Amino acid sequence: MRRVVVTGLGMVTSLGLDTETTWRRMRAGDCGIGPLRSLSLPAEPVQIAAQVDLPADAPGGRRSNKCDRMALLALEDALAQSGPDLDSGDPRRRGVFQGAGTSGLPTGEAYLLDRMAGKRGRAADPVFQNSCGVTDVLGLRLGAMGPRSTIMNACSSSLMAIGQAWEQVAHGDLDLAVAGGAEALCRMTFAGFSCLKAMDPAPCRPFSRDRAGLNLGEGAVHLVLEPLNLAKARGAGILAEVLGYGASMDAHHPTAPHPEGDGAARAIQMALRVSGLFAEEVDLVSAHATATPANDGSETLAIRRALGDAAKRVSVTASKSQFGHTLGAAGAVGAATAVLCLRDQVVSPTLRLEDPDPLCDLDCTPLAARERRLGVALVNAFAFGGNNVCLALRRWEGR
Amino acid sequence: MRQETVITGMGLVLPCGTGLEAAGASWETGTPCFAPLPENLGTGLGAACTAFSASGIIPPMQSRRLDRPSRFAWVAAGQAFQDAGVDPARLGLRLGVAVGTMTGGNEPTEAFLRPYLAKGPEGASPMLFANCVAVAISGYLSTAFGIRGPSVTQLAREASALAALEQARRWLDMRLLEAVLVVGVDGLFPVLSELLHRTRLSVREGLPVVGSRRGLLPGEGAQAFLLETRDHAEARGARIRASLRGVAALSPATPEPSERSRVLAETAACLTPSVPDAWIGGSSGHRILDEVEAPLLSLFERWPRPRYPKTLWGEFCGSGGQLLAAALLDPGRRVLVTAPASFGCQYAAVLEKP
């Protein structure tokens with residue numbers, strides 16, 4: 001097994017169109033959730049979301065959808081930082097691993113709307129702009145001839161994508177992988193979470209006693225992963241080390257998490273085992289923390305079950321309080337948060353956590369960022385169908 | 001050192017019927033299953049699982065909550081476990097699931113969106129929304145069979161099931177799991193046949209014929225395969241249906257069909273140093289795939305000529321799962337499967353029977 005490191009990070013979020021802008025605003029405690037602009041859904045009770053305003057000159061052709069364009073912009077950001085030489089090396093040893101939520105669905109919605117209005121509609125768009133499209137756009141930009149993996153694990157997709165990329169780089173099958181996710185707002189997810197009564201009409205409050213649901217968000221995040229020896233050989237800057245991942249299924253319910261956090265705890269334990277970590281080594285958990293009543297309580301229990309007494313000393317951060325729930329991209333957003341926290345030895349805040357739920361009794365970094373020594377971070381992402389993923393990262397300390 | 005992966009169980013829901021016997025007869029006779037689609041599934045010809053019934057297998061209360069692909073997957077998975085002689089609940093944490101699908105989640109998405117777009121929030125159904133994501137299928141399998149290990153749902157267009165197969169092999173190779181259920185699954189739905197017709201992907205008249213450029217016809221179904229390491233299978237005295245000698249993929253560096261063909265040939269060649277006994281091809285009758293696979297016929301003249309399951313059971317129909325099923329049903333001992341995709345990764349696999 002080869003050691004795998006992150007040499008590039010690209011973020012396109014509601015807080016900024018690049019990593020450093022996003023991170024600066026995260027540390028400052030800014031919130032990307034605001035009035036809903038990109039969809040017109042006047043009958044919906046929730047009228048807020050975390051949206052990305054792309055500039056007109058964002059990469060992607062005239063026919064590209066927003067997901068493709070955000071993903072490409074995030075990739076350029078990641079490549080600018082990593083600086084790999086894409087003109088040399090074997091392109092068969094480069095791969096793309098993309099977590100998808102609803103990418104491509106807005107074109108399908110537009111077609112259905114047209115047809116229901118008696119219009120002809122552009123039939124080719126939903127046929128050819130499916131969720132694989134983002135992966136291919138990134139693969140072509142990279143000149144990658146290795147795997148192009150599109151993962152449809154809903155809200156844990158992009159964390160699973162990073163896990164898959166780690167597997168293939170660690171096993172020596174790839175020398176460079178880009179992994180992450182992209183998600184654009186669409187009617188289906190807005191209407192779906194609304195009818196499940198899972199959305200808060202106000203900015204969400206993860207781990208709060210009065211938390212009332214999630215806010216939807218959009219964005220794209222990509223990580224560049226390489227084997228340590230090759231990254232060092234080319235003098236790349238290293239942001240963090242990927243140690244491994246764990247995954248599990250709840251075998252419990254189509255949409256609700258296991259109330260005791262059973263499946264999530266097993267994913268965390270598997271991540272520790274695969275990574276060769278003890279619970280006592282964990283300093284940070286970048287939590288799934290959707291702010292739904294069911295999730296945050298069961299996630300707290302899962303962290304406690306998996307880490308035991310060591311849970312008392314970990315810091316927890318809930319990035320969805322800043323970005324909303326970016327669904328297919330959410331795991332990658334959580335991973336990027338952890339990478340930056342490890343790099344700068346600071347925990348980004350959980351916003352609006354003024355009245356913590358006694359059942360969520362971990363140190364959830366309320367309201368403001370906090371400096372502390374961080375060596376190892378875990379990242380959680382959970383999804384419909386009881387699909388749980390946990391990724392383990394270590395601070396890069398030069399050896 | 002790589003672990004040898006073997007297939008010890010198979011379950012099939014195909015347009016020709018449910019179960020291995022129906023599929024075997026269909027493969028042997030080579031009779032296409034296309035017929036006019038029922039109104040609730042689309043228009044024109046297609047290969048629908050019209051005789052499919054989950055009665056007596058899925059409890060009625062649960063069956064009502066499931067979309068068609070999830071029901072197909074449930075029944076096929078149950079057959080695969082039975083065929084392998086495995087109690088999935090006993091494997092629990094050591095059993096994972098890898099699903100490949102091109103259309104999973106789309107049927108409920110259409111059913112969810114139409115009333116929502118027409119009536120607004122009062123038209124939205126929470127029960128349908130839960131099925132709008134492809135990952136719902138693995139969630140139902142997990143609950144039904146007590147699967148508590150890792151799960152992944154892969155989308156690789158027409159080769160999605162081979163992407164799932166590749167991930168399953170990797171988990172077994174890493175010794176993370178003792179067994180993985182691989183499922184290829186798809187369902188028909190009205191807007192799919194409309195889109196295929198309007199984009200001239202589907203046949204206007206007659207049946208799909210590879211090389212004719214007339215077009216494809218859609219199909220539906222689920223194919224489930226239980227994968228284990230050889231050590232695990234032998235330790236429990238399992239009958240081995242086939243050994244997975246290799247599964248590989250390469251992606252085209254440019255969008256041209258010739259580049260897709262070139263990488264498919266390279267993938268197949270790297271897996272097949274010796275001449276296979278049989279070749280299962282993924283061409284569908286539409287030039288978008290046929291043009292990718294056809295050049296391999298002249299490149300590998302010594303190989304046996306391929307047979308094409310999609311001309312019997314339809315495109316999608318398991319997104320490559322139907323190709324793996326045909327490989328296991330075919331009398332050939334060492335079988336090559338090529339799975340061209342309309343874009344992106346091009347997959348191939350080699351199965352060898354005892």
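How many helices and strands does chain A have? With that as background, zoom in on helix α9 of chain B: which of its residues are buried, and what do they pack against?

Analyst: Chain A has 12 helices and 14 strands, counted as DSSP runs (H or I for helices, at least four residues; E for strands, at least two) and numbered from the N terminus. Bear in mind that this is a predicted model, where local features need pLDDT of at least 70 and side-chain atom pairs 80 or more, while totals for chains, interfaces and linings use all residues. Residues are numbered from 1 along each chain as its sequence is written, chains are lettered from A and ligands numbered from 1 in the order written, and side-chain values use heavy atoms, leaving out hydrogens and water.

Now to α9(B), which covers residues 190–198. Its buried residues (under 20% relative accessible area, 1.4 Å probe, protein chains only) are Val191(B), Leu192(B), Ser193(B), Leu195(B) and Leu196(B). Their packing partners come from both chains: α3 (105–116) and α4 (124–128) of chain A, plus α5 (106–119), β8 (218–219) and β12 (315–316) of chain B. After the helix comes Arg200(B), with a positive phi near 60°.

Together the chains bury about 5400 Å², meaning accessible area (1.4 Å probe) lost on being put together, summed over both. Carbon and sulfur atoms carry 65% of that buried area. On the chain A side, Met145(A), Met188(A) and Met249(A) lose the most area to chain B, together 12% of what that side buries.

As for chain A itself, its radius of gyration (over C-alpha atoms) is 20 Å. That agrees with a compact globule, because 399 residues would give a value near 21 Å by the rule of 2.2 Å times the number of residues to the power 0.38. The C-alpha trace spans about 60 × 55 × 40 Å along its principal axes, and 67% of the residues in chain A are buried. Of the contacts in chain A with a separation of 6 or more, 78% join residues 24 or more positions apart.

Back in chain B, Ser261(B) sits in α11 (257–271) and counts as buried because its relative accessible area is 6%. Beyond neighbours within four places in sequence, Ser261(B) is in contact with Glu291(B), Val292(B), Pro295(B) and Leu296(B).

Definitions and conventions. Buried means under 20% relative accessible area, exposed over 50%, partly exposed in between (1.4 Å probe, protein chains only). Contact means heavy atoms within 4.5 Å. Buried area is the accessible area (1.4 Å probe) that two parts lose on being put together, summed over both.
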